[in-house]
Amino acid sequence: MGDLQIVSTIIIAGLIVLSYALSRKKPTIKYIAPLVVGVVSVGIVILSFLIGGWIGMRVGTISFTAFISSLISLLIISITESVKRKFSKYYR
């Protein structure tokens with residue numbers, strides 16, 4: 001169980017860093033990276049049912065962890081943006 005938490009933390013941190021690196025050029029693109037990872041992980045979960053066996057279960061578990069991590073990172077990005085907008089409104 002500890003391995004999935006480590007993988008989830010790495011995916012969340014990676015998606016947040018990737019989102020903010022992409023948003024330096026275009027601010028609207030920061031939500032794209034977590035959404036793409038979420039859609040791809042759902043596709044891999046469906047594919048894991050076709051693989052079957054222990055390997056399919058492992059692939060499905062890791063991709064489900066990636067899906068949950070992408071949702072969490074999307075939530076964190078949305079909350080930080082709303083807080084940033086709220087505080088920048090008061091300081092201007």
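## Terms and model

A residue is called buried under 20% relative accessible area, exposed over 50%, and partly exposed in between (1.4 Å probe, protein chains only). The model is predicted, and local features need pLDDT of at least 70, side-chain atom pairs pLDDT 80 or more, while totals for chains, interfaces and linings use all residues. Residues are numbered from 1 along each chain as its sequence is written, and side-chain values use heavy atoms, without hydrogens and water.

## Confidence

The protein chain has an average pLDDT (the predictor's confidence in each residue, from 0 to 100) of 86, and 97% of the residues score at least 70. Among the elements, the highest mean pLDDT, 91, belongs to helix 2 (residues 32-51), and the lowest, 86, to helix 1 (residues 2-23). Helices here are DSSP runs (H or I, at least four residues), numbered from the N terminus.

## Helix 1

Valine 17 is in helix 1. Its relative accessibility is 59%, so valine 17 counts as exposed. From valine 17 to valine 39 there are 22 residues in sequence and 19 Å in space, C-alpha to C-alpha.

Serine 23 also lies in helix 1. Is serine 23 buried or exposed? Serine 23 is buried, because its relative accessible area is 12%. Apart from neighbours within four places in sequence, serine 23 is in contact (heavy atoms within 4.5 Å) with Ile29 and Lys30.

## Helix 3

Leucine 71 is found in helix 3 (residues 53-91). With a relative accessibility of 43%, leucine 71 counts as partly exposed.

Notes. Helix = DSSP H or I, 4+ residues; strand = E, 2+ residues; numbered from the N terminus.
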